[in-house]
Amino acid sequence: MNVYLNIKMENNSSGKKKKGVSWVVDKFLNLFLIACGVVVIWILLQVTSIATFKIPSDSMEPALLAGDNILVNKWVMGGRIFNIWDALEGKEVKISRLPGLGKIRRNDVLVFNFPYPAQWDSIGLNVMSYYVKRCVALPGDTFEIRKAHYWVRSCETSLGNVESQDALMRIVANGREKDYGIVMSGYPYNGLVDWNIVNFGPLYLPAKGDEIEMNPKHAVLYRNVIEWEQRKKLFLHGDTVLLNDSAIHAYRFKENYYFVAGDKVMNSQDSRYWGLLPEPFIVGKAVRIWKSVDRGTDEIRWDRTFKSINNKN
């Protein structure tokens, strides 16, 4: 009898241990599957809907400060789809988009891949290099800068940070641009088009499907984007424009192009210096600051937390 009881008790104890181990394994697997699901959902949101970026510099002051962490809405244009591994390896990639639910407007703040990662006369995609600037001209606009102020034909809205544009013009008028380290020469750095950052343009921003006459001036203005679209070199031979070894008299653009500028006009590497921004390089529209940390003190700037970004229309 005692032997039977001992065996029964040992069996019960063994069964309880097995049930305990099984319960722990089940819980672990459930937690693992939940974690995997959360990661998948987060990746899908990052690709299709929203992304976060940290502002590293002061070029968008006062709208954005260094240390601001911003949310970027990808629904406006549609999330980008491309082979991230090929892009990381520096290979050419084809970028397509999910359907968008809106459109970019003048004065929207955009996050984009900097289109000139190697040199300022050759467009390329670096998926690890992101800039944030304000869109001041759209595809189909004719843009110019007069006395440091931004203008688009048939548009009465103020573009960019007018106060900073005023400040730049005062500095230039007083001949003090060198004191502030301001580089005056601007895109396209060619004697045929003698522009600078206070007197620039007029420059037409191509929209997809637009066709222009190819003359020496247009060859200078649009060389970078044409070479990027065609993966060929553009040359001038007298008044003749050559694409590789073929003469061309007109060109039809394959993409939309934008002009972007930093709000802190005197401290911004923007389209005034490097030219047109291709639409495939745009990540989305910056809409809100979700966290802001003072880089000097590492303290959270609570007054900027969840603050809407000034996208003026």
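Student: What makes β8, β7 and β9 a sheet, and in which order do the strands lie?
Tutor: The 3 strands form an open sheet in the order β8-β7-β9, with antiparallel pairing. The edge strands are β8 and β9, each pairing on one side only. Neighbouring strands here are turned by 15 degrees against each other on average, direction ignored. Such angles use axes that are lines fitted to C-alpha atoms, for helices over the stretch in contact, and run from 0 to 180 degrees between N-to-C directions.
This is a predicted model: local features need pLDDT of at least 70, side-chain atom pairs count only at pLDDT 80 or more, and totals for chains, interfaces and linings use all residues. Residues are numbered from 1 along each chain as its sequence is written, and side-chain values use heavy atoms, without hydrogens and water.

Student: How do you know that β7 pairs with β9 and with β8?
Tutor: Strands pair if DSSP finds at least two bridges between them. β7 (residues 142–146) is joined to β9 (residues 199–204) by 4 bridges. Another 4 bridges join β7 to β8 (residues 149–152). With 4 bridges set against at least two, β7 and β9 count as paired, and so do β7 and β8. Thr142 stands opposite Tyr204 in β9. In β8, Glu144 has Trp151 as its bridge partner, and Phe143 has Val152. The strands themselves are DSSP runs (E, at least two residues; helices are H or I, at least four), numbered from the N terminus.

Student: What lies between β7 and β8 in their hairpin?
Tutor: There are 2 residues between them. Lys147 in the turn has a positive phi of about 50 degrees.

Student: Why is Phe82 called partly exposed?
Tutor: Buried means under 20% relative accessible area, exposed over 50%, partly exposed in between (1.4 Å probe, protein chains only). Phe82 is at 21%, so it counts as partly exposed. Phe82 sits in the loop between β3 (80–81) and α2 (84–88).

Student: Which residues does Phe82 touch, leaving out those up to four places away in sequence?
Tutor: They are Ala87, Val93, Lys94, Ile95 and Val127. Contact means heavy atoms within 4.5 Å. Val93 is 11 residues from Phe82 in sequence, and the C-alpha atoms are 6.6 Å apart.

Student: Are Asp270 and Arg272 buried or exposed?
Tutor: Asp270 is at 0% relative accessibility, so it counts as buried. Arg272 is also at 0%, and is buried. Their side chains meet in a salt bridge at 2.8 Å, N to O.

Student: Where is confidence lowest, and where is it highest?
Tutor: It is lowest in helix α1 (residues 2–48), at a mean of 59, and highest in strand β15 (residues 257–261), at 98. pLDDT is the predictor's confidence in each residue, from 0 to 100. The chain averages 87, and 86% of the residues score at least 70. Where pLDDT is low, the predicted coordinates should not be read in detail.

Definitions and conventions: A salt bridge is a side-chain nitrogen of Lys or Arg within 4 Å of a carboxyl oxygen of Asp or Glu.
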